[in-house]
Amino acid sequence: MEADEIRSDRRYTKDHEWALEDGAVVRVGITAHAVSQLGDVTLVNIDVKPGDNITAGKAFGTVESVKAVSDLFAPISGKVEQVNKDLDHAPEKLNEDAYTAGWIIAIMPSDTHEFRTLLDHETYRALLSSEAH
């Protein structure tokens with residue numbers, strides 16, 4: 001996975017989370033850029049469970065790496081439908097495949113229009129470019 005990989009099939013946040021519509025739910029993870037900044041991920045702490053309500057912009061857990069601990073922020077509001085329990089035993093999935101096997105939670109949106117307010121792939125690429133300068 002390349003650090004500058006940005007997929008066009010999903011939306012992004014300024015905090016480097018991605019959101020992907022997957023049927024009725026929105027899967028959430030962190031971007032390849034975030035993973036490259038963190039380095040080797042050693043632990044994923046998810047503070048929510050299925051059935052919990054989550055609010056856009058609020059922290060729902062942390063990712064720990066050899067370099068830092070970073071908060072995970074919800075890109076949209078809704079009810080947590082799934083938590084990727086594979087990350088409990090294999091947090092390195094974020095390093096290996098942040099966009100597929102490394103999804104973190106799935107949310108049933110409370111407002112289906114909220115997803116559209118997230119950054120598209122071109123706007124996210126521009127954000128990364130501006131952060132680099």
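Trainee: How many bridges join β5 to strand β8?

Mentor: This is a predicted model, in which local features need pLDDT of at least 70, side-chain atom pairs count only at pLDDT 80 or more, and totals for chains, interfaces and linings use all residues. Residues are numbered from 1 along each chain as its sequence is written, and side-chain values use heavy atoms, with hydrogens and water left out. Strands (E, at least two residues) are DSSP runs numbered from the N terminus, and two of them pair if DSSP finds at least two bridges between them. β5 runs antiparallel to β8 (residues 78-83), and the number of bridges joining them is two.

Trainee: Which strands stand at the edges of the six-strand sheet, and why is one side of each left without a neighbour?

Mentor: The open sheet has the order β1-β2-β3-β9-β8-β5, with antiparallel pairing. A strand with a single partner has no neighbour in the sheet on one side, so the edges are β1 (11-12) and β5 (53-54).

Trainee: Is Arg27 buried or exposed?

Mentor: Buried means under 20% relative accessible area, exposed over 50%, and partly exposed in between, with a 1.4 Å probe and protein chains only. In β3, six of six residues are buried, with Val25, Arg27 and Gly29 on one side and Val26, Val28 and Ile30 on the other. Because its relative accessibility is 17%, Arg27 counts as buried.

Trainee: Which side chain does Arg27 join through a polar contact of 3.0 Å?

Mentor: A polar contact is a pair of N or O atoms within 3.5 Å; within protein, one must be able to donate a hydrogen and the other to accept it, and residues adjacent in sequence count only if both atoms are side-chain atoms. At 3.0 Å, the side chain joined to that of Arg27 belongs to Gln82.

Trainee: In β9, what is the bridge partner of Val28?

Mentor: β3 and β9 (residues 105-109) run antiparallel and are joined by three bridges. The partner of Val28 in β9 is Ile105.

Note on methods
Helix = DSSP H or I, 4+ residues; strand = E, 2+ residues; numbered from the N terminus.
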